[in-house]
Amino acid sequence: GERMVARLRCQLYASILKQEIAFFDDHKSGELVSRLGSDTSLLQQVISQSIPEALLGVIKTVVAIGLMFWISPALAGVSIASVFIIFMVALPLGQSLDACGV
C-alpha cells in the first residue's frame, strides 16, 4: 500500500509541475501540496485498513452462511429468505425517505 501511494504522490507532484502558470494564479501552490498530502494519506489509510477489513467481513459472512447450511439447511434457507424480504421492503422505503429529504 505504501509503495502505491508513494508512486501516486510522485505522479501527482509531476502533474502539478506540468501545469501552466495561469493554473497557479487560480490555485495556490500551498493548498495544492496540502491537499495532495492529505488525500494520499487518506488513500493509504483506505488501502491499508478498510480494504482488508471489508475482505475479512466478506469471508466471515461466507463462512457463517456455509455453517448455517451445514447445521440446518431448512433454517438457513428461511433466514436468508427473511433477510432478502426485509431488504426488498427496506430499499424502496429508504429511497422514498431519501426523496423526501429525511
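R35 and D39 form a salt bridge, with 2.9 Å between the closest N and O atoms. The term denotes a side-chain nitrogen of Lys or Arg within 4 Å of a carboxyl oxygen of Asp or Glu. The structure holds one such bridge. The model is predicted: local features need pLDDT of at least 70, side-chain atom pairs count only at pLDDT 80 or more, and totals for chains, interfaces and linings use all residues. Residues are numbered from 1 along each chain as its sequence is written, and side-chain values use heavy atoms, without hydrogens and water.

Both partners lie in helix α3 (residues 29–71). Helices are DSSP runs of H or I with at least four residues, numbered from the N terminus. R35 and D39 are four residues apart, so about one helical turn separates them. R35 is exposed, at 56% relative accessibility. D39 is partly exposed, at 35%. Here, buried means under 20% relative accessible area, exposed means over 50%, and partly exposed lies in between (1.4 Å probe, protein chains only).

T40 also belongs to α3. T40 is buried, with a relative accessible area of 2%. Beyond its neighbours within four places in sequence, T40 is in contact (heavy atoms within 4.5 Å) with V5, R9 and L12. L32, L36 and I47 of α3 are buried as well. The buried residues of α3 pack against α1 (2–17) and α2 (21–26).

The 43 residues of α3 should span 63 Å at 1.5 Å a residue. This expected span is 1.5 Å times one less than the number of residues. The end C-alpha atoms are 61 Å apart, which agrees.

How values were computed:
Helix = DSSP H or I, 4+ residues; strand = E, 2+ residues; numbered from the N terminus.
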